[in-house]
Amino acid sequence: MSPSPPDPPRRGRASSASGASGSSRSGSGASGSPSSGSSSSGSGSDGFPVSRTVRYVWYVLLLVLGALVGAAGALVQAAWLPAGLLLALLATGGLFYGGLRATGTQAGVVAAGVGWLVAVVLLSFGRPEGDGVFGGGVGELLFLFGGMGVAVMCATLSRLPRPTR
């Protein structure tokens, strides 16, 4: 019988979890070298190299989009209460999930969430004259806590493997 060819090196999380039952997950392979899944040069979620500058541009863009979606959601949810609240939460969820998929990391959700939360908190303050976007009802609380819940759900989603071609 001829010996079987060695398995090709695996990349990503699956290689660290699929070792022998007694192996530790310290990040080193069987030969003692670091695993090929971790790269300090930065690679995107699909394996293509992504420069640090491009990643930071994505985070800034998501921060600004989060502020815009937060401000628009604050206005829409109060205008058309049942449907507007649902629309605002759907837009918030789309932004957070899009940030996760665009960057491939949970930091994309955090960047969009920070922009969203800053906009919502600043709009909730109002002015000394008594003018404010939020009137202090159940819809505003559902928008605030629902948006934060959607952000937490999107940030804790596991990264799905990319389909092979």
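**Helix packing, aromatic pairs and a nonpolar surface patch**

Thr103 touches Trp58, Tyr59, Leu62 and Gly108, not counting residues up to four places away in sequence, where contact denotes heavy atoms within 4.5 Å. The structure is a predicted model, in which local features need pLDDT of at least 70 and side-chain atom pairs count only at pLDDT 80 or more, while totals for chains, interfaces and linings use all residues. Residues are numbered from 1 along each chain as its sequence is written, and side-chain values use heavy atoms, with hydrogens and water left out.

The protein chain holds five helices and zero strands, and its elements run α-α-α-α-α from the N terminus on. Helices (H or I, at least four residues) and strands (E, at least two) are DSSP runs, numbered from the N terminus. Of the 165 residues, 23% count as buried; buried means under 20% relative accessible area, exposed over 50%, and partly exposed in between (1.4 Å probe, protein chains only). Among contacts between residues at least 6 apart in sequence, 68% join residues at least 24 apart.

Thr103 is found in helix α3 and is buried, with a relative accessible area of 12%. Its C-alpha atom is separated by 9.8 Å from that of Leu62, 41 residues apart along the chain. The side chain of Thr103 also takes part in polar contacts (pairs of N or O atoms within 3.5 Å; within protein, one must be able to donate a hydrogen and the other to accept it, and residues adjacent in sequence count only if both atoms are side-chain atoms). This side chain reaches the backbone oxygen of Gly99 at 2.8 Å, and a polar atom of the Thr103 side chain lies 3.2 Å from the backbone oxygen of Thr105.

A search of the whole structure finds three aromatic pairs. Rings of Phe, Tyr and Trp (its six-membered ring) pair if their centres lie within 6.5 Å; planes under 30 degrees apart count as stacked, over 60 as edge-to-face and the rest as tilted. Tyr56 and Tyr59 form a tilted pair, with 6.4 Å centre to centre and 55 degrees between the planes. Both residues lie in helix α2 (residues 52-79), three residues apart, about one turn of the helix. Tyr56 is partly exposed, at 47% relative accessible area, whereas Tyr59 counts as buried at 18%. Trp116 and Phe143 form an edge-to-face pair, 5.4 Å centre to centre with 65 degrees between the planes. This pair links distant parts of the chain, Trp116 being in helix α4 (residues 106-125) and Phe143 in helix α5 (residues 138-155), 27 residues apart. Both Trp116 and Phe143 are buried, and together with Phe96 they form one aromatic cluster.

Thr92, in helix α3 (residues 81-103), is buried with a relative accessible area of 0%. Leaving aside neighbours within four places in sequence, Thr92 is in contact with Val69, Trp116, Phe143, Gly147 and Val150.

The accessible surface of the protein chain comes to about 11,200 Å², of which 67% belongs to carbon and sulfur atoms; areas come from the Shrake-Rupley method with a 1.4 Å probe, and for residues only the protein chains shown count as cover. A nonpolar surface patch of about 970 Å² includes Leu63, Val110, Phe125 and Met148. Patches are made of residues with over 30% relative accessible area and no salt bridge, with like charges joined within 9 Å and nonpolar side chains (Val, Leu, Ile, Met, Phe, Trp, Tyr) within 5 Å; a salt bridge is a side-chain nitrogen of Lys or Arg within 4 Å of a carboxyl oxygen of Asp or Glu. Helices α4 and α5 each supply at least two residues of the nonpolar patch, and α4 gives the most, with seven. Phe125 is found in helix α4 and is exposed, with a relative accessible area of 61%.
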